[in-house]
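Open the model in your viewer and keep the selection panel at hand. We will go stop by stop.

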Amino acid sequence: MDFAELLRRYDAYVDTFKVDGALPPMMELKRIHTACVLANARAIAAGEGMDPETAEACEAAALLHDTGRYEQLRRYNTFRDSDSVDHAVFSHDIVREKGWLDGYPHAEAVLKAVLYHNRRELPEGLDALTAAASHCTRDADKLDIFRVLEHQLKVTDWRKDCTAFWSLPVAAKPNPQVLAAIRDGRPVDYQHIKALADFVLIQVGWIRSGLHFGTTRRLAAERGHMAFRRRFLAELTDGDPDVDALCRAAPLGELSLDDVEAALRRGCRALLFVRHAERPKIDGEDPTFGETLPLTDEGWRTCLRFGERMKEFAGDVQFLSSPLRRTRMTAEGIAEGMGLSGIAIPTDPLIGNSTFYFADQPTVFELFRDGQFFRHLFEYMANGRQRGFREINEASDMLEEWALSRFTARLGIFTTHDLHNAAYLHARGVKRDWTVESWVRFLDAAAIIIEPDGTRLYALVRTGFSNGTVGVRAN
Ligand SMILES: [Fe+2]
């Protein structure tokens, strides 16, 4: 059994629902949806660099995820699960009964991904393959649900006929419970959906915090799904500022410098909080966190290379640096690489040792003095609080508003420290599983990409100029 054979079986099954050589229109929509979900799953698997086995399981699950939709419509004349059957269970049972996956080595993972695809949350403790196939199917499905909603709103007169949207009232205000859930990144309880705005807001919640893979978030941004919802909801709610605030920001995931350049070229602005380049190791007894430590020679060279790489944007770039020597040198090196040597680099302690993240710097120093920097920081991120620190979301909001109020150019290079970058990206939902191995490397950046319509997208930019994380020992 290979994928081509599975595809043949699926198509032959769908053909049995044809009437006079064609699928009924509602079924045809599901056939198109499945083809799109399959294409999305392939894009996600490629973007995430999945191995061929995992990618194939993802494709199989995407192909089969809605198998039961045809029989559901024939038997019950509806796609509403609450009035008929749970279509994921139905799909799972049909595929199993028909034995399409018999002899396929990853049948169980694929079947589970089909079964779980419409659940609010995945069960815990899944094996890696099942988890990958499940996450991929759910992400690929959501991406296509975005497309379908946009298509339906374009082709129907939704103010007069809302049957495609559960016949929800068009003029009703959004439910505050839905707004609160989305603001806090919690799944929306479907019972709270009382208005067309709520229905659309569920998808805003998915874009903000319901997409698993960075590739999916990137695809959603490239396809303008948030921008569409923001415009539509503004029309629907008369520009409700609370609704608009939820549509104005979303985490993107990890980007490369190529991605940042592409965003700049298509008219976005980009503010990069760049971690300084390689430095010697910091003495744990130094309460200034190595204020006077310079970059290493290697660190300086990587700054020049970073600058050369971004030369195209030298005409509209803005620097701001933490006052420590290593961050100032980093900004100077990048500027020199861009052909701007000798320009004045302004500094501000709020992206240095007086960061918004510290409520009390001496207490933080005492905490880090035991050499357990990472343990204390991971604790801070897990709980949102830590001795000597300000609450993480509050500090991140303060940092963002402060930085954006200063950011006026097309490209901003604000040189700062790993603690700021990691805590900020954590608070923005970009990365929540930090380890020492995946930590912010030298010259990696936390980015705020600002779309032409003002939407803010958050990303971890892996610049790739250094693999170092903790610094080299000085000799
Ligand atoms: Fe489905």
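**Stop 1: the core**

Begin with the largest nonpolar core, which has 120 residues; those with the most contacts inside it are Cys-58, Ala-61, Val-110, Ala-133, Leu-272, Ala-447 and Ala-459. Now select helix 7 (residues 128-155), which supplies the largest share of this core, nine residues.

Such a core is a set of buried Ala, Val, Leu, Ile, Met, Phe, Trp, Tyr and Cys residues joined through C-beta atoms within 7 Å. Buried means that 20 or more other C-beta atoms lie within 10 Å of a residue's own, with C-beta atoms placed from the backbone. Helices (H or I, at least four residues) and strands (E, at least two) are DSSP runs, numbered from the N terminus.

This is a predicted model: local features need pLDDT of at least 70, side-chain atom pairs count only at pLDDT 80 or more, and totals for chains, interfaces and linings use all residues. Residues are numbered from 1 along each chain as its sequence is written.

Next, click Cys-58. Leaving aside neighbours within four places in sequence, Cys-58 is in contact (C-beta atoms, placed from the backbone, within 7 Å) with residues including Ala-41, Met-50, Ala-133 and Cys-136.

**Stop 2**

Show the open sheet of six strands, in the order 1-6-5-2-4-3 with mixed pairing. Strands pair if DSSP finds at least two bridges between them. Strand 1 (249-255) and strand 3 (317-321) are the edges, each pairing on one side only.

Zoom in on strand 3: five bridges join it to strand 4 (residues 411-416), and the two run parallel. Find Leu-320, opposite Phe-414 in strand 4.

Methods. A residue is buried if 20 or more other C-beta atoms lie within 10 Å of its own, exposed if 12 or fewer, and partly exposed in between; C-beta atoms are placed from the backbone. Two residues are in contact if their C-beta atoms, placed from the backbone, lie within 7 Å.
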